[in-house]
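This report covers strand pairing and one surface patch. The structure is shown below.

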Amino acid sequence: MTDIIEEGGQCAGVVAEDADGHVLELRAPYTLLASGGIGGLYEHSTNYPHLTGDAVRIAKAHGLRLEHLDYVQIHPTTLYSKKPGRRFLISESVRGEGAVLLDKDGNRFTDELQPRDVVTQAIRRQMEKDGTDHVWLSMEPIGKETILRHFPNIYRHCLEEGYDVTKERIPVVPAQHYFMGGIWVDSDSRTSLDRLYAAGETSCNGVHGANRLASNSLLESMVFAKRAAEKIATGLGKERRAEG
């Protein structure tokens with residue numbers, strides 16, 4: 001998608017481009033934008049790199065109402081890598097179990113159980129102080145049995161990357177995780193442009209505030225998408241009856 005089709009104060013579909021560069025007009029009585037978040041704009045993100053806020057950019061160009069574009073959640077601990085692509089999230093429950101953050105000299109530098117934004121700031125300050133592009137996370141205080149029982153996926157993934165978390169520390173870095181702002185929508189996922197809807201991370205429907213509780217992303221994606229679908233179905237039904 002490269003644009004939306006706006007005619008007579010309404011959305012009439014989207015403009016798209018295929019792999020060969022051919023421009024297509026895809027017309028529809030109703031359109032729903034669900035292009036995910038903005039992680040691809042960041043050096044480090046838990047999102048896929050193709051998620052670059054395209055729908056928000058297009059909405060801005062058409063003068064649609066946007067909301068809280070500064071509401072961006074950063075996760076403090078993702079596995080540091082120089083490889084392209086999304087970063088692997090090291091759950092905060094690891095720190096809850098006793099994992100500690102260390103500077104380049106192996107010294108603990110913050111309280112790991114503080115809120116995400118506070119821990120992220122502490123890591124950023126330490127990276128700047130040490131002149132490094134990551135800090136270290138040690139899961140050794142948790143114990144091998146607990147690691148294997150509670151965090152088998154983290155253990156396996158880190159092992160694939162060359163780190164045995166039962167024996168050694170791992171490099172971690174803060175990464176963009178979730179976008180709470182976006183295209184403003186009402187309680188039925190309608191945008192400020194008639195016949196255009198938005199759902200999921202693309203939209204801003206007010207369920208998050210300036211931070212995010214994990215399960216609210218499911219609410220944002222599933223409940224509000226269902227509401228949009230029901231509203232669209234109702235609209236189409238009325239139009240068909242009027243035509244009949």
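In this predicted model, strand 1 (residues 3-7) and strand 2 run antiparallel and are joined by 5 bridges. One of the pairings places E6 with C11, its bridge partner in strand 2. The hairpin of strand 1 and strand 2 has 2 residues between the strands, and G8 takes a positive phi near 60 degrees there.

Strand 2 also pairs with strand 3 (residues 23-27); this pair runs antiparallel and is joined by 5 bridges. Across it, V14 stands opposite L26 in strand 3. Strand 2 and strand 3 form a hairpin with 5 residues between them, and in its turn G21 has a positive phi of about 90 degrees.

| Hairpin | Residues between strands | Glycine with positive phi |
|---|---|---|
| Strand 1 and strand 2 | 2 residues | G8, near 60 degrees |
| Strand 2 and strand 3 | 5 residues | G21, about 90 degrees |

How much of strand 2 is buried? Of the 8 residues in strand 2 (residues 10-17), 6 are buried, so the strand is largely enclosed by the rest of the structure. Buried here means under 20% relative accessible area.

The surface patch involves another part of the chain. L218, L219, M222 and V223 make a nonpolar surface patch of about 350 Å². Of these residues, L219 lies in helix 6 (residues 216-243). Is L219 buried or partly exposed? L219 counts as partly exposed because its relative accessibility is 31%, and that class lies between the 20% and 50% cut-offs.

Conventions. Residues numbered from 1 in each chain as written. Predicted model: local features only at pLDDT ≥ 70, side-chain atom pairs only at ≥ 80, totals over all residues. Heavy atoms only, no water. Patch = residues over 30% accessible without salt bridge, like charges linked within 9 Å, V, L, I, M, F, W, Y side chains within 5 Å. Areas by Shrake-Rupley, 256 points an atom, 1.4 Å probe, with all protein chains shown as cover. Salt bridge = Lys/Arg side-chain N within 4 Å of Asp/Glu carboxyl O. Helix = DSSP H or I, 4+ residues; strand = E, 2+ residues; numbered from the N terminus. Buried < 20%, exposed > 50% of the residue type's maximum accessible area, 1.4 Å probe, protein only. Pairing = 2+ DSSP bridges.
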